[in-house]
Amino acid sequence: MKRYILPAIILSDIPISVIILPPFLGMASLYISPHPDDFRSLMALVAAEFCPSRPCTLIEDPPASLALCSRPSLVLGSGGGEVLSGAIAVAWYLASQGKMIGSNAKQESQVWQWLSFADNELTPVSCAWCSYCWGSHAEMMHVLNVLDKNLESRTFLVGNSLTLADIAVATAALLPFKYPSNRRALTNVTRWFLTCVNQSQFVNVLGQISLCEKMVPVTPRPSKPKTEAQLKKEAKSREKLEKFQQKKKMEEKKKQEKKLKKAKPEKKDLGVISYDVPTPPGEKKDVLSPLPDSYSPQYVEAAWYSWWEKQGYFKPEYGRKSISEPNPRGVFMMCIPPPNVTGSLHLGHALTNAIQDCLTRWHRMRGETTLWNPGCDHAGIATQVVVEKKLMRERGMSRHDLGRDQFIQEVWKWKNEKGDRIYHQLKKLGSSLDWDRACFTMDPKLSNAVQEAFIRLHEDGVIYRSKRLVNWSCTLNSPISDIEVIVATTRIETMLGDSAVAVHPADPRYQHLKGKVVLHPFCDRMMPIVFEFVDINFGTGAVKITPAHDHNDYEVGNRHNLAFINILDENGLLINVPAPFLGMKRFEARKAVLQALKDRGQFKESKDNPMVVPVCSRSKDIVEPLLKPQWYVDCADMGKQAADSVREGRLKIIPDHHHKTWFNWLDNIRDWCISRQLWWGHRIPAYFVTVNDPSVTPGEDMDGHYWVSGRTEEDARDKAAKRFNVSTDKVTLRQDEDVLDTWFSSGIFPFSIFGWPNETQDLSVFYPGSLLETGHDILFFWVARMVMMGLKLTGKLPFKEVYLHAVVRDAHGRKMSKSLGNVIDPLDVITGISLEGLYAQLQDSNLDPVEVEKAKQGQQSDYPTGIPECGTDALRFALCAYTSQGRDIDMDVNRILGYRNFCNKLWNAVKFAMRTLGGNFVPSEKAQREYVSLYDNMTGGFCPVVGLCNAGFQAYDFPAITTAIYNFWLYELCDIYLVSLFSQAVVCRQTLFTGLCLLAPIMPFVGEELYQRLPRRRSQDDHASIHFCWHSEDVDRQMEFVMTVLRADYNLTKTHTSVSTTTFPFQSLSQVLIDLEKEVAKLTMKKSDYKEKVPVKVQDLDAEKVRRGRECYYSGFGKWGIPTVKTFCLALLVK
């Protein structure tokens, strides 16, 4: 008897198949459930109606020889040879005979999807509804609403005719949908359901189906007449209830009235003003036209980025003859964590780039030779999966149908069409990357570096070949990195590969078994009892050992020289096991083994045990430990060097609470499996050697002695001939089909982008880098490997500091997830998007219908009116303001909107100041040389806020920076300086200039827009862009004095208004210092020049000012500590 266990897809643990189906042999027998409303049997019966030759339907028990474990089951042929079990397996087979499974591969795939929907989503709630479970009606309506939306523009679920998809879903919904529910809200489902059940095949099985429109109440039996006392009691109860309800209504009415009173008037919609002046890309934006009335991101952010890029502002060569020319201000270099070519930016990426760009711009404004190098990762697994799905969807082909070379061409074609989207997003975020140096990890320059790194490490013995336990994805048919999964689970099906039983050496229960063996229950395998330090108190204290399928057991197997028995092939099917388990899928075998133990009376009990299920982060498949020959990197020595670099202070990790994790991982590091059974990626430059010489013993794949690496096949052939002492014509080579782990090429990214191993100018200037900024979630994936590879291959650390930012979560503290609907594209925050637009993005995603509905509910809750236009500057400022070291970020879009309003305040402040200055104001050249030039630097003036910003950038304390800037603009510049300096045009202009300089690294667009509007000097010595205003420490010292005086004047005239009365005999500073520019000019004079050049009358006036100041001080006003500053200033002039 042949039994067809049908693999390929698992729906609710029911194995089904799209492989070779058996022919219809003679009269078939269909065994079904006797229950008239059994969903599964009805589906099989309706599918049978479409068969050319209908099977015989049987309700009685099948012969014991068939050993049918479930119904419906189909026995093919009168002799009872072939058997199909399970509703979906039977229905698929019957429907395929009637050509009801779709007309092409795409439709077949859609049928599978609806079978999954019926089995996993609809059937459970239908059963609950029929059992009158609490809450089942709401669940049923939720699932039917999903179905209703999918049927809006369709007659049937798949294609233009009835298929197995309609049969499965209709029979699953049959019982609950016949009876009253909210069918009026489900017009599409009702239409479709009636269309299906009125088909002749449905009628033959179900009869005529009529929908019940209402429930007829059951007439109660006549009861005894109530007594007068009972009637009075009921009347009192009704009266009390009516009063209570009236009271509740009044309370509710009062609450509503209070809410209406407290309700704030609605804010005006944020205006959208666009920049309409025709400006060719790369040309400077028009800054002569008047500023719009209010801030609008669309207007402000237009045209600037292409101008910056064309001017070469992002290149380290800007303003220099050569990058090799020594720069006394220093060099700053940082490389971007290369995003996957398949991806698009989310708010986590936006945080990374906001931090990196404001650091880059700050260093550039300080006059350092600055490079922020862009790049993109080829993302081996992710890209291959995307292109494979595209091929199957559009052409019905697999990569094997195309072949390796043509498939790789398809991937390159996809990359060239779709792969630049993420670069566009980075530009929209204002990222000042040197795009001429952009790198892709599969580019020839980087591919050459990857090849060279592998060959050098292989020749040094650091890379080696070995057959060891790897984490295997049956879906991808490739191993997964050890640090991408966690394995800590016992699976009963792996007992088929057990080769020992372990007990604790001190367990008194098993001391008499030392040196004994046990017999495997399913084969004649004798397994030794080994003594290992297992948990005595866990279970029986005896642990099964499966060396070939468990990482811990693998180590035990090596210590005790146990047999390594592999029971799984690459697709997850059982091999090397006895019947009846041979050929079963792994999850089916789990149930079969458990049942077999029960049948033998060898099963005692089962207990719940919390465990970690290993899941592949790429394919979401359950990971299986398998023995496979792979390439490994010996990480012991490199890991020690990387750990010591932090211990010795040569590498600084910020924040330092990550040190413990860093040391724990590197001090216990395992060798790194770097080979992947993929086609897209860097093909391993290693060759298996076969020697056509009887004196050389043929080698095995796992034997590293028979593998050589080479830059070319000729190079490898020469190495092989030399190793085996034969001529090259006797050597046959076979290059390894595998590719390298993506993290291998990323590990050398900091120096491969500069042309390593060639000694290029960029490599000598920019390597090692200054800083690596990234998320702490890839500390091991990328950071540790870059440090190890950099030290090993270049002898240098790849960077001096590592700053690890936090993880971005939503406003409720939840992790970003597509199924929750809280993954937000930063471009949607920048430009705004409606709720309908968010819904449309979900429809275009890969989420299944139920997850789409769940995500929509989340979006409806968080963004009921969509996301308003916030702009790039507001988004960047909010991200930096949120970034506190050591905690995650709960990102609220409303806070971003608040910073857009902050931009509007900046806008109005500058407009107010420009009206004060007037249209004809031009900063004087003399002031530029003697005083105003002091302001023409990023950190010129206003020492407190500048000091806070400088300290914040140096310590990566971004909330301190944003707080200092925010407070300076709102509570100092707007409240104090613009008012106090109303009559001092030069200082007013310079105050705004300094404020914009502080703002520019974080808000580059509004900073540039407003800077370009400030009055310019005739000499045009001003910098063309605000992002090139060099730092001067002399400014801090000299302007501190000036601003102290200005602050004193503000305190005297505004805070202490009584000073201007006759109580104190002196004038305010704004009256005493008639012309601030002249007074500052006096301060810069030598004492001898003052006596000679300043008129006697002016000197007498200055002496009078000093006398008045002293009178104020000695009269008691000096306790405020303010006139002493003025007195000191003027005393210097007189002396």
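User: How do α12 and α30 stand to each other?

Analyst: This is a predicted model, where local features need pLDDT of at least 70 and side-chain atom pairs count only at pLDDT 80 or more, while totals for chains, interfaces and linings use all residues. The axes of α12 (residues 347-365) and α30 (residues 872-882) come within 9 Å and cross at roughly 90 degrees; axes are lines fitted to C-alpha atoms, for helices over the stretch in contact, and angles run from 0 to 180 degrees between N-to-C directions. Angles under 35 degrees count as roughly parallel, over 145 as roughly antiparallel, 65 to 115 as roughly perpendicular, and the rest as oblique. The two helices α12 and α30 are therefore roughly perpendicular.

User: Which residues in α30 does α12 meet?

Analyst: Residues are numbered from 1 along each chain as its sequence is written, and side-chain values use heavy atoms, leaving out hydrogens and water. Contact here means heavy atoms within 4.5 Å. From α12 come L347, A350, L351, A354, D357, C358 and R361. Their partners in α30 are L875, R876, L879 and C880.

User: What is the handedness of the crossover from β8 through α12 to β9?

Analyst: Helices (H or I, at least four residues) and strands (E, at least two) are DSSP runs, numbered from the N terminus. β8 (residues 331-335) and β9 (residues 369-373) pair in the parallel sense over five bridges, and F332 stands opposite T370 in β9; pairing requires at least two DSSP bridges between the strands. A crossover is right-handed if, with the strands pointing away from the viewer, the path from the first strand over the helix to the second runs clockwise. The chain goes from β8 through α12 to β9, and this β-α-β crossover is right-handed.

User: How many residues of β8 are buried?

Analyst: Buried means under 20% relative accessible area, exposed over 50% and partly exposed in between, with a 1.4 Å probe and protein chains only. β8 has five residues and is mostly covered, the number buried being four.

User: And how many residues of β26 are buried?

Analyst: β26 spans residues 769-775. It is largely enclosed by the rest of the structure, so the buried count is telling here: of its seven residues, the number buried is seven.

User: What is the angle at which α5 and α7 pack?

Analyst: On the α5 side (residues 164-172), D166, V169 and A170 meet W192, F193 and C196 in α7. The axes of α5 and α7 (residues 187-197) are 10 Å apart, and the helices pack at an angle of about 105 degrees.

User: What is omega for the cis peptide bond that joins I654 and P655?

Analyst: Most residues other than glycine have a negative phi, and most peptide bonds are trans. P655 lies in the loop between β19 (652-654) and α21 (659-667). The bond that joins I654 and P655 is cis, with omega of about -5 degrees.

User: And what is omega from W756 to P757?

Analyst: P757 has its place in the loop between α24 (749-752) and α25 (761-766). This peptide bond is cis, and omega is near 15 degrees.

User: What is the relative accessible area of A379?

Analyst: A379 is in the loop between β10 (375-376) and α13 (380-395), and its phi is positive, near 50 degrees, in a residue other than glycine. A379 is buried, with a relative accessible area of 5%.

User: What is the phi of Y956?

Analyst: Y956 sits in the loop between α33 (943-955) and α34 (958-980). It is buried, with a relative accessible area of 6%. Although Y956 is not a glycine, its phi is positive, at about 60 degrees.
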